[in-house]
Amino acid sequence: MVVAVVLAIVPSLIALLFVSGGLRAGAYFNNSAHTALYLWPPAQLADFLLGCVSAELAARSSRENTAWLADGAVFIITLAVLLVPNPHLDYREHGEVLYDHGLAPLFAVFLWAAARDTAAASKASKLFAHPALSSIGKCSFEVYLFQWPVHAVFYGLGLPTSDHAENFVAFALTLYMLAALYEVHVERPYVRWLRERFAAP
């Protein structure tokens, strides 16, 4: 697991420090370099392994009060997102390139600690368990499937989302509405039919 995490993070760190000029103003990854590091198979595998291992450890470990650890991990992630210097507010500049995989260990810590929290005292867990958020999670895979087609439609209609906040809001609302409608009215009935049709005798 340690090797997987190192493989996920170190290439971006090396490229940032020795190729792009470190965290100084002007450090920048072009789209090709960023995409290559983000999609690098060992890095993708590390994220997957972290999720699997944290879930397995949470299931095997004795439950105890780990709310402080879950909330602490979320707090550190929030600080990193808000405070990592990026004076020009440009995408993929400075330390932001490390967000591809660099925060994955903290997310794994949160998942493990939240699952072991006996008293269910974690404020972050309670927030994420709110019905408004958990209902969004039910169609998260559909959002993943539909995001590019809906994005292409918006650009085809002359509604770019990158530098137009109103277009992005319309895009997000349209995406989640379509995903939810598909999950409720297409996927659920189809899965139910499959289970009934091919149920074991």
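**Note on helix packing and a salt bridge**

1. Arg188 counts as partly exposed, since its relative accessibility is 37%; the bands used here are buried for under 20% relative accessible area, exposed for over 50% and partly exposed in between, computed with a 1.4 Å probe on protein chains only. The model is predicted, so that local features need pLDDT of at least 70 and side-chain atom pairs count only at pLDDT 80 or more, while totals for chains, interfaces and linings use all residues. Residues are numbered from 1 along each chain as its sequence is written, and side-chain values use heavy atoms, with hydrogens and water left out.

2. Arg188 forms a salt bridge with Glu183, and the closest N and O atoms of the pair are 3.0 Å apart. The term requires a side-chain nitrogen of Lys or Arg within 4 Å of a carboxyl oxygen of Asp or Glu, and by this rule the count comes to 1 salt bridge.

3. The protein has 9 helices and 0 strands, where helices are DSSP runs of H or I with at least four residues, strands are runs of E with at least two, and both are numbered from the N terminus. Of the 201 residues in the protein, 25% are buried. Among contacts between residues at least 6 apart in sequence, 71% join residues at least 24 apart, a contact being heavy atoms within 4.5 Å.

4. Helix α4 (residues 67-83) packs with helix α5 (residues 104-115) at an angle of about 155°, their axes being 8 Å apart. Axes are lines fitted to C-alpha atoms, for helices over the stretch in contact, and angles between N-to-C directions run from 0 to 180 degrees. The angle makes α4 roughly antiparallel to α5, since angles over 145 degrees count as roughly antiparallel, under 35 as roughly parallel, 65 to 115 as roughly perpendicular and the rest as oblique.

5. The crossing of α4 past α5 is left-handed, meaning that the near helix is turned anticlockwise from the far one by less than a right angle, with clockwise giving right-handed. On the α4 side the contact is made by Leu69, Ala70, Ala73, Val74, Ile76 and Ile77, and on the α5 side by Leu106, Phe107, Val109, Phe110, Trp112, Ala113 and Ala114. By class this contact has 13 nonpolar, no polar and no charged residues, where Ala, Val, Leu, Ile, Met, Phe, Trp, Tyr, Cys and Pro count as nonpolar, Asp, Glu, Lys and Arg as charged, and the others, Gly among them, as polar.

6. The axes of helix α3 (residues 41-60) and α5 come within 8 Å and cross at roughly 20°, which makes α3 roughly parallel to α5. The α3 helix passes α5 in a right-handed crossing. Asp47, Leu50, Ser54, Leu57 and Ala58 of α3 meet Ala104, Pro105, Ala108, Leu111, Trp112 and Ala115 of α5, and by class this contact has 9 nonpolar, 1 polar and 1 charged residues.

7. Asp71 has its place in helix α4 and is partly exposed, at a relative accessible area of 23%. Its C-alpha atom is separated by 8.8 Å from that of Ala113, 42 residues away along the chain. Leaving aside neighbours within four places in sequence, Asp71 is in contact with Ala121, Ser122, Lys123 and Ala124.

8. Lys123 lies in helix α6 (residues 123-128) and counts as exposed at 66% relative accessibility. Lys123 and Ala70 are 8.7 Å apart in space, C-alpha to C-alpha, and 53 residues apart in sequence.
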